[in-house]
Each structure stands twice: as C-alpha cells, then as structure tokens.
Amino acid sequence: MALSISRRIVRSFGSLSALGFREYPTVAGRSFQASDLSDQIAGDNLLHAECFSFSKGGPSFLGFRRFSTTILTPDSNGGAFPSDLLSSKTVLTPERIIGLYEDLVVPVTNFHNEDHGLMVLAGDVFDVPIRKDIIHRVVRWQLAKRQQGTHSTKTISEVSGTGRKPWQQKGLGRARHGSLRGPQFRGGATMHGPKPRSHAFKLNKKVRRLGLKIALSARAAEGKLLVFEDLEVSTHKTKNIVNYVNQMENTKKLLLVDGGPINEKLKLATQNLHYVNVLPSIGLNVYSILQHDALVMSRDAVNRIVERMHTPINR
C-alpha cells in the first residue's frame, strides 16, 4: 500500500521532477514497489536504493534515491562511471607558499637513484623568505673579500731616474721643473695611484648567515636541491659523473657538497669537469650556490649546515 504524504510535505519538496522523482502508472489498483525495480537497479550496478511512493487521486509516483557502490579499478569492466557523480571543474593542486618557515620533507637517494628514505629539512634554514637585497650584499662582500688587492704603482720617490734639476730656473723660456721623474714626464711617477690594500669590508654575521639561508631556500623552492645518503662513488672514472649529470634536466652546472673531507675518488672523478664542483660543508657559500644550477648535498652535509645555522653568534 502506498504511503500517503500530506499536501504540506509535498509543497515543501517542491517540483517532483526537480527532485528526480519518476512517474509510474498504477497497475491493478496498486503502486509499484521496490521489488518491481530490482532488475533495473541491478542492471545499473547499484547495490542500494531507497524507494518510496505516494498517490493522490490519480497515478502513483515512485521516487527513489540511488547510491553507487561500484569500485572502479583500471581493470574493471563494469561500464562507464555515472555522469552525475563526475565533476566538470578542474582540480588544481595548490602551490607551496615560500617563506613560511615550514619543515620540508625530501627524498634521499644516491648516484644510482636508489631510495634511502626521507629527510626533514629545517624550515628556519631551507624555507625562509627570499630577499634579493640580502643576496646582493653578501655577494658583494664575498667578491670584495676575495679580491687580492696586489695592484701597485710607483710614486715619485720610487720611480727610476735622476734627481738633478733638468735645466736652470730662468733664462731659457721653458717651464720650471725640478725633476724628470714627475708625473707629467714619460716614464715618470703616477700620482694617487693604487697601492696594495684589502678591499674587504665589514658585514654583520647575521646578514651573512641570512644570505646562506636564502640561497638554500631558493634552491629548495626551485626543486634544485637534492639530498644524497652519501657522495661515495665506486670508481674514479669521470664518465660515471658525466652520465649522472646528463640524466638531470635543465642542469648545466652542478655543485656537490659533502659533510667532511672530500672523497679522493670523487675528487678525481670531477677534477676534469668544469661544470661540476665539489665543496665541503664548511666551505658552502652564497656565491657558489648561485653559480650552479643544481645543488646536491649529502645527509651529513645537511646536518652540519643546520647545526652551524643554529649555533649562537659570538659577539
């Protein structure tokens, strides 16, 4: 027997067609039951359905709500996925916001692309806000500090020549001179010329440390920071390093950073490659990171860098 629903409830539901109710005529004075639709429900691979019907002075209406429980796998042949359950919106993966000091989880591999687990990179070292002004200051400080400053010119007391007065003071109509070693003569002295000196200037340790953090964060954000279990190589042959660099995409120069002293085999394998350089962790600097497209660090090197960044600055 069909369930009668009050007129108020029907009005609250709104249009029946909008709710997805389907109309079925009565047969022999009764409405269709859920058993009458079992074949249709089974044919749609639907394992559960809620059915209800109501009548009011005419044909009965049967409404049912269907739930799909079909599990789709690449090998399943159960038919197409119901279109009403598919979304036409494009699903976008949100990009990571740089500079939130969040810890990063990166895979650990080696030269043979073997899986060695995961490693957590400290967010206060590898995820700091990018500041170009700090990078510019640190690079200028590095280049100025490494400048040799051996330039030198000779003053009037150092240039070779006689100290005799070239001609008398008066009577010849010529300009007055007291020495031929003056800057106006050929082979004479250079006035206010460069002398050997240091071009280094002071830069606060906090700024230098921040510059290294920014450079590491930039490489990590670009996906050009790789972490290896170690930098051990089986042989000193250069072709092994060449083959590995060729497998890397958009990489023209590679910087390898190890924790302690450089392995002798690795040093021999890379010494003939102008686009591959090796540094210990103590020598890692901003300018070297910027000169190379990719940065490969061993697990030990990462730990030492993080420890160095967390060490309090002695004043």
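A surface patch is made of residues with over 30% relative accessible area and no salt bridge, where like charges are joined within 9 Å and nonpolar side chains (Val, Leu, Ile, Met, Phe, Trp, Tyr) within 5 Å. Such accessible areas come from the Shrake-Rupley method with a 1.4 Å probe, and for residues only the protein chains shown count as cover. The model is predicted: local features need pLDDT of at least 70, side-chain atom pairs count only at pLDDT 80 or more, and totals for chains, interfaces and linings use all residues. Residues are numbered from 1 along each chain as its sequence is written, and side-chain values use heavy atoms, with hydrogens and water left out.

**Surface**

- V105, L118 and V120 together form a nonpolar patch on the surface, with about 300 Å² of accessible area.
- V120 is exposed, because its relative accessible area is 52%, and the cut-offs are under 20% for buried, over 50% for exposed and in between for partly exposed (1.4 Å probe, protein chains only).
- For the protein, the accessible surface comes to about 21,200 Å², and 52% of this belongs to carbon and sulfur atoms.

**Overall make-up**

- The secondary structure of the protein comprises 9 helices and 9 strands.
- The protein has 315 residues, of which 31% count as buried.
- Among contacts in the protein with a separation of 6 or more, 67% come from residues 24 or more positions apart; a contact means heavy atoms within 4.5 Å.

**Nonpolar cores**

- A nonpolar core is a set of buried Ala, Val, Leu, Ile, Met, Phe, Trp, Tyr and Cys residues joined through side-chain atoms within 4.5 Å.
- The largest nonpolar core has 35 residues, and those touching the most other members are L121, F126, L216, L284, L295, M297 and V302.
- Helix α5 (residues 205-222) gives the most to this core, contributing 6 residues.
- Another core, of 18 residues, lies apart from this one and includes F228, L254, L256 and Y275.
- Leaving aside residues up to four places away in sequence, L121 touches D103, L104, V106, F126, L225, V227 and V302.

**Salt bridges**

- The structure holds 5 salt bridges, each defined as a side-chain nitrogen of Lys or Arg within 4 Å of a carboxyl oxygen of Asp or Glu.
- One of them joins the side chains of R131 and D133 (2.7 Å, N to O); R131 is partly exposed at 38% relative accessible area, and D133 is partly exposed at 39%.
- K195 forms a salt bridge with E158, with the closest N and O atoms 3.0 Å apart.
- K195 and E158 are each found in the loop between α4 and α5, 37 residues apart, and the pair links distant parts of the chain.
- K195 is partly exposed, with a relative accessible area of 32%, and E158 is partly exposed at 42% relative accessibility.
- The side chains of R299 and E229 also meet in a salt bridge (3.0 Å, N to O).
- R299 lies in helix α9 (residues 299-310) and E229 in the loop between β6 (225-228) and α6 (238-247), so this pair ties together parts that are 70 residues apart in sequence.
- R299 counts as partly exposed at 21% relative accessibility, as does E229 at 28%.

**Loops and backbone**

- Most residues other than glycine have a negative phi.
- N113, in the loop between β4 (104-109) and β5, has a positive phi of about 60° although it is not a glycine.
- H192 has a positive phi near 55° and is likewise not a glycine; H192 sits in the loop between α4 and α5 and is exposed, with a relative accessible area of 82%.
- G161 is in the loop between α4 (132-146) and α5 and is partly exposed at 46% relative accessible area.
- G161 and G187 are 26 residues apart in sequence, and their C-alpha atoms are 8.8 Å apart in space.

**Confidence**

- The protein averages a pLDDT of 80, and 70% of the residues score at least 70; pLDDT is the predictor's confidence in each residue, from 0 to 100.
- Confidence is highest in α4, at a mean of 97, and lowest in helix α2 (residues 38-43), at 44.
- Over residues 15-50 pLDDT stays under 50, and the model has 54 contacts beyond four places in sequence for them.
- Over residues 52-70 pLDDT also stays under 50, with 58 such contacts beyond four places in sequence.
- Where pLDDT is low, the predicted coordinates should not be read in detail.

Notes
Helix = DSSP H or I, 4+ residues; strand = E, 2+ residues; numbered from the N terminus.
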